[in-house]
Amino acid sequence: LEDYPELARQAKTDDGTICVFGAYSISDYNCQSGYMIRQDWLDEAGLEQPVTIQDWEDTMLALIDARGLTCGLAMSADNIMGDMVVGAWRIGSTYYVDEGIVKYGPSQDAYLDYLTTMKRWYDLGIIDADAAAMDANTMEQYMIDGEAAACFGAAGGNMGNIYTAVEARDQEINLVGVQYPVLNEGEEP
């Protein structure tokens, strides 16, 4: 707050009382949520954080196999069908702007590749069989109970809820944020 007086002004009352811990961004990226993964499990398995869609598939399958998980990635159908995954194909889930041109994601050729991948992930158990009924509480519970290796959620909400519940059980977890997936190594999400 000392380095960013405008943010400090927004977080404080006139008498200097900090009245809110907001989600302020000082970067070009405006992201308060994303993928979280069990770094402790990656370390145990000798795996790197997934970057590409293929990395995600390989990593989730390895952790499902090693740990007997219910699924690899705990996400709701809204997350799956939203922009949380499809962006790797450089398209949107609905209308989006591409170099100044408005396009509709489901009408793009790449959308079939995305759907084919999601179907494969569902068939392989990477996406939970009950994803259509998954809500934030269920997703958090999967992570708390060690039934999933990764999820999509807010750092200021879901991640904190998961840590609090795991610590209340006198257990430990190392949940870290990872970048949105890309199709090819070196691409920017």
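Predicted model: local features only at pLDDT ≥ 70, side-chain atom pairs only at ≥ 80, totals over all residues.
Let me start with the aromatic cluster, which is made up of Tyr35, Trp56, Phe152 and Tyr180. Rings of Phe, Tyr and Trp, the last taken by its six-membered ring, are paired here if their centres lie within 6.5 Å, and planes under 30 degrees apart count as stacked, over 60 as edge-to-face and the rest as tilted. Residues are numbered from 1 along each chain as its sequence is written, and side-chain values use heavy atoms, with hydrogens and water left out.

How many aromatic pairs does a search of the whole structure find? The search gives seven. In one of them, Tyr95 and Tyr104, the ring centres are 4.8 Å apart and the planes stand at 45 degrees, so this pair is classed as tilted. Tyr95 counts as exposed because its relative accessibility is 62%, and Tyr104, at 35%, counts as partly exposed; the cut-offs are under 20% relative accessible area for buried and over 50% for exposed, with partly exposed in between, using a 1.4 Å probe and protein chains only.

Phe152 is buried, with a relative accessible area of 6%, whereas Tyr180 is partly exposed at 25%.

Four strands form an open sheet with mixed pairing, in the order 2-5-1-6, where two strands are said to pair if DSSP finds at least two bridges between them. The edges are strand 2, residues 73–74, and strand 6, residues 175–178, each of which pairs on one side only. Strand 1, residues 33–38, runs antiparallel to strand 6 and is joined to strand 6 by four bridges. Contact means heavy atoms within 4.5 Å, and the angle is taken between N-to-C directions, from 0 to 180 degrees, with axes fitted to C-alpha atoms and, for helices, over the stretch in contact.

Turning to charged side chains, the count comes to seven salt bridges, each being a side-chain nitrogen of Lys or Arg within 4 Å of a carboxyl oxygen of Asp or Glu. One of them joins Asp145 and Arg169, at 2.7 Å from N to O. Asp145 lies in the loop between helix 7 and strand 5, and Arg169 in the loop between helix 8 (155–168) and strand 6, so the pair ties together parts that are 24 residues apart in sequence. Both are partly exposed, Asp145 at 35% and Arg169 at 40%.

Another salt bridge is formed by Arg9 and Glu6, again given as 2.7 Å from N to O. Why are these two separated by about one helical turn? Arg9 and Glu6 are three residues apart in helix 1, residues 5–11, which accounts for that separation. Arg9 is exposed at 55%, while Glu6 is partly exposed at 42%. Asp98 and Lys103 form a further salt bridge, with their closest N and O atoms 2.8 Å apart.

Next, the cysteines. Taking a disulfide as a pair of cysteine sulfur atoms within 2.5 Å, the count is zero. For Cys71, the nearest cysteine sulfur is that of Cys151, 9.8 Å away, and Cys71 is buried, at 0% relative accessibility.

Finally, Ser93 sits in the loop between helix 5 (83–86) and strand 3 (95–98). Is Ser93 buried or exposed? Ser93 is buried, because its relative accessible area is 12%. Leaving aside residues up to four places away in sequence, Ser93 touches Met81, Gly82, Asp83, Val86 and Pro106.
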